Amino acid sequence: MDEFVARSLDEIRFWSRIMKEHSLFLGLGFRAEDTQLKNEANQFYAIFEEIERRSYEFQIGVDPHTIQAFNTEVRIAATNIWAFKRKVLGLILQCKLPGQTNFPLLVDHVSREANYFRNRLEELNSGRLEPLPDAIIDENVFFLKIMADHAKFIGHLLDPSERKLVDQAREFSNDFDKLLFQAMDLSHMRPQSQTPPLLSQFVDENRVSVKSLRDFKKTARDLIEECRIKSIIHPLLADHVFREAERFLFILDMFDQSLSGAKVNKREILH
């Protein structure tokens, strides 16, 4: 049961910080008159900040039932912020918030991450983690879309005069769109496509591209922090997308170990 506790705490520590930062980014994009939406975003920031703080108070030897209850509580919070994000997306797409600055794709993007988080907590509590071949495909489909979105956001938030960086972001966007389509094709070919050689090549190819994007994000983050490039990217957003690329790389490394025959605990394989 220590594996269940470790995995649960790892998920909550990573994703509660992500949810907290989503609340901040959404709030920054609302108009001055959107006081109710700003207040809701601030409330979610406080909720996930407290969840993140509490997650570090637990140790590996804690009673699994305590963590199961914590997972349930956090899942409710993740469901609530998912619903808030979908509400905001609806308002934007219905042109009810003219002048706000959150891209509709970004709001959809952060809602997908909230949905991923709540589903993972439910899987952990129920003990129904996916078989490894399915996990490899599904995790890649999810994260490749996330990475493709990041490249698009970076390209649109850089100042248009940063032509070389904008071009690089566009190239990453195209690359990850292609990788995503390949992953979806592999998914549609299931279960026949789930052979070790195909899955191994799939993981290797994606890892090369994710490493390149991770390095690009790190460079952009450092340049933004040093005020060396022109953009409207919040420094925390630059670090946020870098951490998500690091997370995806860690997952890919775990998959690679399992496919190469290294002994990896299947309950820990995703993260």
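Start by selecting helix 5 (residues 132-157), where Lys145 and Asp149 sit 4 residues apart and are therefore separated by about one helical turn. The model on screen is predicted. Show the side chains of Lys145 and Asp149: they form a salt bridge, with an N to O distance of 3.2 Å. The two ends of this pair can then be coloured by accessibility. Lys145 is partly exposed at a relative accessible area of 29%, whereas Asp149 is buried at 1%.

Next, select Arg207 and Asp256. Their side chains meet in a salt bridge at 3.5 Å, N to O. Arg207 belongs to helix 7 (residues 196-225) and Asp256 to helix 8 (residues 235-259), so this pair ties together parts that lie 49 residues apart in sequence. Arg207 is buried, with a relative accessible area of 17%.

Stay on helix 8 and move to Arg243 and Asp239, which are 4 residues apart there and so separated by about one helical turn. A salt bridge joins the side chains of Arg243 and Asp239, with 2.8 Å from N to O. Are these two residues buried or exposed? Both Arg243 and Asp239 are buried.

To finish, zoom out to the whole model. How many salt bridges are there? The count comes to 36, on the criterion of a Lys or Arg side-chain nitrogen within 4 Å of a carboxyl oxygen of Asp or Glu.

Note on methods: Residues are numbered from 1 along each chain as its sequence is written. This is a predicted model: local features need pLDDT of at least 70, side-chain atom pairs count only at pLDDT 80 or more; totals for chains, interfaces and linings use all residues. Side-chain values use heavy atoms; hydrogens and water are left out. Helices (H or I, at least four residues) and strands (E, at least two) are DSSP runs, numbered from the N terminus. Buried means under 20% relative accessible area, exposed over 50%, partly exposed in between (1.4 Å probe, protein chains only).
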